[in-house]
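Let's take a friendly walk through a protein model. Have the sequence and the 3D view ready, and follow along.

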Amino acid sequence: MTATIDVLQPGLQTTVQDLGRPGLLAAGMAPSGAFDALALQQANLLVGNDVGDWFLVGEDPGAAGLEVLLLGPELRFAEPTIIAVTGADLAPTLDGEPLPLYVAALAEAGSVLAFAVSRAGARAYIAFAGGIEVEPVFGSRATNVRARIGGFGGRKLQTGDTLELGAPTRPPDALTGRSIRDAFRPRLEPDWEIRVVLGPQHELFEPESVETFLSERWRLKPASDRMGCRFDGPPLAFRPRAAALEEQAGGDPSNIVDDTIPVGGIQVPSGLEAIAMGVDGPSLGGYAKIGTVISCDLGRLAQIRPGEHALFRAVTVEEATTARQQYARGRSAEALAEAQ
Amino acid sequence: MLYEQPIHRPLGDLYMCVEFGDELAIEQNFLVIALDMALREAAVTGVHETIPTHRSLGVVYDPAVLPFDRLSAVLRGLEPRATHLREIPSRLVSIPVWYDDPWSRECAAAHGLDSNLAYLAELNGLTLEEAIAWHTGTLHWVAAVGFQPATFQAVPLDRSKALTAPKYKSPRTWTPDRTLCIAGQITSFYPVESPGGYQLLGRLPANLYDPEQRNPDFADGPVLPRVGDRHRYVSIGEEEYERIRVAVEAGTYAFEIEPGTFALDDSLAVPS
């Protein structure tokens with residue numbers, strides 16, 4: 001029998017996500033996937049699902065769960081289902097009782113998962129034992145709302161939708177009560193330190209402005225989403241440009257002849273706001289990028305709430321690569337505590 | 001400026017940008033495409049995908065398998081092959097366009113102009129008919145694909161027929177889907193309804209993005225344009241537009257696509 005979940009209330013923006021759909025960047029298709037990939041992987045780990053491997057450079061996108069933004073959905077379980085909630089603390093409840101984060105729990109048939117209030121962080125993840133069974137599109141179940149593909153009909157969830165689950169890998173008794181060890185749970189504390197590799201166009205900015213970028217606090221604007229996180233901060237200035245560039249790239253000093261925008265790339269249009277590109281972001285663009293958020297810190301970027309601040313800190317590519325080893329431990333058996 | 005040697009810039013820890021120069025030039029775009037072909041052929045373990053643009057090749061790689069310095073060395077080994085390639089495969093794709101269509105005009109009117117195309121014609125010292133004749137009278141070279149699915153950037157191969165247009169100072173809040181547009185000398189495309197700052201040229205009856213992959217040209221993927229394609233824009237009227245719409249809805253529409261090659265020397269021979 002296939003377990004199902006009824007969507008009673010969809011929440012602000014609830015989408016089916018796995019680790020994403022790489023391989024189509026040259027066609028202009030964003031990879032999508034969980035913005036905080038580690039949180040989804042830990043939720044999948046708890047409920048015995050395939051956690052997958054890596055965002056963007058992986059071979060296995062892992063099981064699909066739900067990404068929830070700020071205001072959570074209300075979900076009713078038709079069958080007994082093992083679930084885990086990770087990432088932001090949106091005060092989840094199961095039939096009105098508080099549900100601890102980072103712990104696998106049994107939702108009885110007919111029970112309702114809801115979210116009471118948004119406490120810390122911006123994006124929560126819900127994994128269900130067996131994973132969400134939607135048809136993969138180009139190898140992934142991730143929703144790309146802008147391209148209208150993947151997930152549940154290429155869109156966010158709506159009231160009345162019914163999600164189907166796959167078969168769990170283990171019986172409920174073997175999963176209930178498992179938790180992620182404290183040392184591997186992220187801290188949801190502003191100010192958020194976000195590590196960046198400078199470039200590719202930091203040399204187009206005045207050196208003092210690069211210093212300013214790395215020393216000031218940057219406040220997240222409400223108009224932020226999975227495409228880009230927009231930050232208010234001090235204005236940044238550009239060095240004088242060759243006349244040919246003004247003609248070819250555009251009249252604004254922040255204009256460049258379009259080139260690749262990586263996920264995490266930070267554009268600074270006109271020097272007036274810093275936009276860190278998210279997992280649904282564009283693949284090509286014509287504004288200078290001062291730095292790029294390292295892959296391990298995309299999840300922290302995803303957890304900043306509007307009004308909270310980011311502090312950007314420069315690291316080398318080697319340091320970013322080392323950080324990936326720590327990340328990998330967080331989604332491994334080492335992070336998992338079996339039920340007592 | 002075309003650099004003496006491409007610069008290898010890190011874009012975070014998962015991408016490298018191989019930058020050939022900082023300007024728009026077809027010779028530069030040729031080098032990007034040639035290096036992309038060489039890198040694909042070499043099938044380097046640790047390289048996951050590539051993103052060719054006007055002036056740079058984005059390379060997505062796994063640093064645990066292939067660290068930045070080793071990727072850089074692999075690319076330095078391939079770069080000489082790219083400089084020798086003078087001819088590349090290039091499809092010629094015919095794209096029907098209803099220039100100055102009612103939806104573009106409605107959108108222009110909602111943002112303070114009667115017609116973007118009339119405005120553009122005047123700026124270029126042409127009548128509206130002449131502006132259409134210029135745009136359809138030269139093939140366009142697709143130098144980059146991206147931003148949104150199927151958004152491309154194409155430059156006119158015959159620069160004597162190059163229209164130029166300013167971007168909107170303040171971007172429009174919406175643009176109809178399937179709309180062809182221009183800014184600078186770059187022709188581009190809005191596959192889905194979205195904000196935007198390019199001037200509107202006209203609307204396509206057949207989208208270049210087909211997420212349901214209903215029509216035969218989309219069997220391999222939902223996005224038609226590829227870097228290195230040549231576009232021939234064909235001016236159509238309402239009747240032809242509606243006829244094609246019916247075929248698209250029925251899933252039977254096929255674009256006219258001729259396989260072929262394109263030589264850099266041909267493009268440089270075109271009078272500028």
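Is B:Phe147 buried, partly exposed or exposed? With a relative accessibility of 40%, B:Phe147 counts as partly exposed, because the partly exposed class lies between the 20% limit for buried and the 50% limit for exposed. Keep in mind that this is a predicted model.

You will find B:Phe147 in the loop between strand S7 (140–145) and strand S8 (152–156) of chain B. Its phi is near 90°, a positive value in a residue other than glycine. As background, most residues other than glycine have a negative phi, and most peptide bonds are trans.

Chain A has a positive phi to look at too: A:Leu70 has a phi near 55° and is not a glycine. A:Leu70 sits in the loop between strand S3 (65–69) and strand S4 (74–77) of chain A.

Now for the peptide bonds. The bond from A:Pro190 to A:Asp191 is cis, with omega near 0°, and A:Asp191 belongs to the loop between S12 and S13 of chain A. The bond from A:Gly199 to A:Pro200 is cis as well, with omega near 15°. A:Pro200 is in the loop between S13 and H3 of chain A.

**Charged pairs**

Side chains of opposite charge can pair when their charged atoms come close. Over all chains, a search of the whole structure finds 34 salt bridges. Here are some to look up:

| Salt bridge | N to O distance |
|---|---|
| A:Arg217 and A:Asp191 | 2.8 Å |
| A:Asp297 and A:Arg195 | 2.9 Å |
| B:Glu249 and B:Arg245 | 2.8 Å |

A:Asp191 is back, this time as the salt-bridge partner of A:Arg217. The pair links distant parts of the chain, 26 residues apart: A:Arg217 is in the loop between helix H3 (207–215) and strand S14 (218–220) of chain A, and A:Asp191 is in the loop between strand S12 (179–180) and strand S13 (192–198) of chain A. A:Arg217 is partly exposed at 43% relative accessibility, and A:Asp191 is partly exposed at 32%.

A:Asp297 is buried, at 2% relative accessibility, whereas A:Arg195 is partly exposed, at 23%.

In chain B, B:Glu249 and B:Arg245 are four residues apart in helix H6 (residues 238–250), so about one helical turn separates them. B:Glu249 is partly exposed, at 47%, but B:Arg245 counts as buried, at 16%. Elsewhere, salt bridges that share partners join A:Glu203, A:Asp259, A:Lys289, B:Arg9, B:Glu19 and B:Arg55 into one network.

Finally, turn to helix H4 (residues 116–123) and helix H5 (residues 128–136) of chain B: their axes come within 8 Å and cross at roughly 85°. That angle makes H4(B) roughly perpendicular to H5(B). H4(B) makes the contact through B:Leu117, B:Ala118 and B:Ala121, and H5(B) through B:Leu128, B:Ala131 and B:Ile132. By class, this contact has six nonpolar, no polar and no charged residues.

Definitions and conventions: Residues are numbered from 1 along each chain as its sequence is written. Chains are lettered from A and ligands numbered from 1 in the order in which they are written. This is a predicted model: local features need pLDDT of at least 70, side-chain atom pairs count only at pLDDT 80 or more; totals for chains, interfaces and linings use all residues. Side-chain values use heavy atoms; hydrogens and water are left out. Axes are lines fitted to C-alpha atoms, for helices over the stretch in contact, and angles run from 0 to 180 degrees between N-to-C directions. Helices (H or I, at least four residues) and strands (E, at least two) are DSSP runs, numbered from the N terminus. Angles under 35 degrees count as roughly parallel, over 145 as roughly antiparallel, 65 to 115 as roughly perpendicular and the rest as oblique. Contact means heavy atoms within 4.5 Å. Ala, Val, Leu, Ile, Met, Phe, Trp, Tyr, Cys and Pro count as nonpolar, Asp, Glu, Lys and Arg as charged, and the others, Gly among them, as polar. A salt bridge is a side-chain nitrogen of Lys or Arg within 4 Å of a carboxyl oxygen of Asp or Glu. Buried means under 20% relative accessible area, exposed over 50%, partly exposed in between (1.4 Å probe, protein chains only).
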